[in-house]
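Subject: Structure handover

Hello,

The structure we discussed is below, with notes on what was found in it. Please read the notes with the model open beside them.

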Amino acid sequence: TVSQTDLMAALESTGMRATLARGETLFSSGQPCKNLYVILDGRVICRSAGKPDIEREAGDVLCLIDFLLGTPYSRSCEALSDVQLLIVPQENLVAMLEAADNVMAMMMKATAARIAAKQQGAPA
């Protein structure tokens, strides 16, 4: 079993920490997906025309689906508070995945566990 700690250690080894001030835009819908983001502290809101807003918080991974599909960012994300982030550039993540096949599995399991916990009790 892979832990959240193992996943974070793997991502931190190839990423960099950054700060986003309240009200700042992290990325905008339609821009090329160049980074994967992990929220370390704080909250962001992600918006897309015609879709419900999604608030994200510490521990959440942003842009995983866009990264996996190779599509532009599907939402625009803005800081609701000061936010501490781990930014993993696409090329670094690709190199890490090629070097360690189990990193993708760790990321997917950790993300799926967080989504399942947030949706507990939600209609199927």
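A salt bridge joins E78 and R47, with their closest N and O atoms 3.8 Å apart; the term is used for a side-chain nitrogen of Lys or Arg within 4 Å of a carboxyl oxygen of Asp or Glu. This pair links distant parts of the chain, since E78 is in strand β7 (residues 76–79) and R47 in strand β4, 31 residues apart. Helices (H or I, at least four residues) and strands (E, at least two) are DSSP runs, numbered from the N terminus. E78 is partly exposed because its relative accessible area is 29%, and R47 is partly exposed at 36%. For these classes, buried means under 20% relative accessible area, exposed over 50%, and partly exposed in between (1.4 Å probe, protein chains only).

Before the rest, the basis of the work: this is a predicted model, in which local features need pLDDT of at least 70 and side-chain atom pairs count only at pLDDT 80 or more, while totals for chains, interfaces and linings use all residues. Residues are numbered from 1 along each chain as its sequence is written, and side-chain values use heavy atoms, with hydrogens and water left out.

Other salt bridges

The count comes to five salt bridges. In one of them, the side chains of R43 and E57 meet at 2.8 Å, N to O. That pair also links distant parts of the chain: R43 belongs to strand β4 (residues 43–48) and E57 to strand β5 (residues 51–57), 14 residues apart. R43 has a relative accessible area of 32% and is therefore partly exposed; E57, at 30%, also counts as partly exposed. The side chains of D60 and R56 form a salt bridge of 3.3 Å, N to O. D60 has a relative accessible area of 3%, so D60 is buried. Salt bridges that share partners join R43, E55 and E57 into one network.

The chain as a whole

The protein chain has four helices and eight strands. From the N terminus on, the elements run α-β-β-β-β-β-β-α-β-β-α-α. Of its 124 residues, 35% are buried. Contacts are heavy atoms within 4.5 Å; among those with a separation of 6 or more, 78% come from residues 24 or more positions apart. The chain exposes about 7000 Å², and carbon and sulfur atoms supply 53% of that area. Accessible areas come from the Shrake-Rupley method with a 1.4 Å probe, and for residues only the protein chains shown count as cover.

The sheet and N35

Four strands form an open sheet in the order β1-β8-β3-β6, with antiparallel pairing. β1 (16–20) and β6 stand at the edges with a single partner strand each, so one side of each is left without a neighbour in the sheet. Two strands pair if DSSP finds at least two bridges between them. Six bridges join β3 to the antiparallel strand β8 (residues 83–89). N35 counts as buried because its relative accessibility is 18%. The side chains of N35 and Y37 are joined by a polar contact of 3.2 Å. A polar contact is a pair of N or O atoms within 3.5 Å; within protein, one must be able to donate a hydrogen and the other to accept it, and residues adjacent in sequence count only if both atoms are side-chain atoms. Leaving out residues up to four places away in sequence, N35 touches C63, Y73, I87, V88, P89 and Q90.

The two cysteines

C33 is in the loop between β2 (25–27) and β3 (35–41), and C63 is in the loop between β6 (61–62) and α2. C33 is buried because its relative accessibility is 8%, and C63 is buried at 9%. Residues up to four places away in sequence aside, C33 touches C63, D66, F67, T71, P72, Y73 and Q90. C33 and G70 are 37 residues apart in sequence, with their C-alpha atoms 7.2 Å apart in space. C63 is not a glycine but has a positive phi, near 80°. Most residues other than glycine have a negative phi.

Regards
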